[in-house]
Amino acid sequence: MTRAVDIVANVIESNTIPILQNCRLQADGQKLLITATDLDLEITVQLPAAADSRFDVTIPAKSLSNFLKKATKSNYVTLAHDIDATDPKDKGRVKLDFEKVNYTVDALPSSDFPSLSTVEFSHVFSIAGQTLVDAITSVKGAISQEETRYYLNGIFMHDYEGQFVMVATDGHRLYRRVLDYARGRASNAGGDSAKKDNRHSAQAFKGQKNA
């Protein structure tokens, strides 16, 4: 769970909007989904967990990360949402039980949490996580650093003759990497990923089997 929270917390930046400082913890009975967003990028990590499907709340991501780092690797974490149903203004609290020590943090309702994942994607692909990291690393050196040329501030990813092609250029040099799909559908797909997206992808997928 520590690794999962660290991954999503990377997307959170200094912001005056409280809900954007939080990560969403959502359960479905067999797994726990941990999500964070800055309204431009959303990251969700899925963990196996014995979790009540009614559990759905947001808490400060940085605080959760700090609490998890204080726990030992053998500790199991139990989370419980406590709210006063008789008080309409009560937003609740989340109690974290680390076996030997307990913490309580203020919560915000998940209904206030913005979601970017409601969009239905027409193109989906899957490749080994480390392969994606290596590919991003191999082309990102050509990404333009000029913010005024925002259309060159990322990596263009598209499908070409059944292969996944990644291209970056700053107008003077061009780096290109061709990958084979592991599975998925991506015919005629095309899109540009921003520098920030590439950085987070490289951190999240490093050493992962699939991406």
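Guide: Let us start with an open sheet in which three strands follow one another in the order E5-E6-E7 and pair in the antiparallel sense. At its edges are strand E5 (78-82) and E7, each of which pairs on one side only. On average, neighbouring strands of this sheet are turned by 20 degrees against each other, direction ignored. This is a predicted model, in which local features need pLDDT of at least 70 and side-chain atom pairs count only at pLDDT 80 or more, while totals for chains, interfaces and linings use all residues. Residues are numbered from 1 along each chain as its sequence is written, and side-chain values use heavy atoms, with hydrogens and water left out.

A few terms are needed here. Helices (H or I, at least four residues) and strands (E, at least two) are DSSP runs numbered from the N terminus, and two strands pair if DSSP finds at least two bridges between them. Angles run from 0 to 180 degrees between N-to-C directions, and the axes are lines fitted to C-alpha atoms, for helices over the stretch in contact. Strands of a sheet pair through backbone hydrogen bonds, either parallel or antiparallel.

Within this sheet, E6 and E7 run antiparallel and are joined by five bridges, and Lys95 has Thr104 in E7 as its bridge partner.

Now for the aromatic rings, of which a search of the whole structure finds three pairs. The rings of Phe98 and Tyr103 make an edge-to-face pair, because their centres are 5.6 Å apart and their planes stand at 80 degrees. Rings of Phe, Tyr and Trp (its six-membered ring) pair if their centres lie within 6.5 Å, and planes under 30 degrees apart count as stacked, over 60 as edge-to-face and the rest as tilted. Phe98 and Tyr103 are both buried, where buried means under 20% relative accessible area, exposed over 50% and partly exposed in between (1.4 Å probe, protein chains only). Another edge-to-face pair is formed by Tyr150 and Tyr151, with 5.6 Å from centre to centre and 80 degrees between the planes. Tyr150 is exposed because its relative accessible area is 61%, and Tyr151 is exposed as well, with 51%. Phe98 and Tyr103 also belong, together with Phe67, to one aromatic cluster.

Phe67 leads us to helix H2 (residues 61-70), whose buried residues are Ala61, Leu64, Ser65, Phe67 and Leu68. Seen down the axis of H2, these buried residues fall within an arc of 165 degrees, so they line one face of the helix; the arc is that of the directions from the helix axis to the C-beta atoms. Lys69 and Lys70, on the other side of H2, are exposed.

E1 itself is mostly covered, since five of its six residues are buried. Five bridges join E1 to E4 in antiparallel fashion, and Leu25 stands opposite Val57 in E4. Towards E2, E1 is joined by four bridges, again antiparallel, and Leu25 has Ile34 in E2 as its bridge partner. E1 and E2 form a hairpin with three residues between them, and in the turn Gly29 has a positive phi of about 105 degrees.

The loop between E2 and E3 holds Asp38, which counts as buried because its relative accessibility is 13%. The side chain of Asp38 reaches the backbone nitrogen of Asp40 at 2.9 Å, and a polar atom of that side chain lies 2.7 Å from the backbone nitrogen of Leu41. A polar contact is a pair of N or O atoms within 3.5 Å; within protein, one must be able to donate a hydrogen and the other to accept it, and residues adjacent in sequence count only if both atoms are side-chain atoms.
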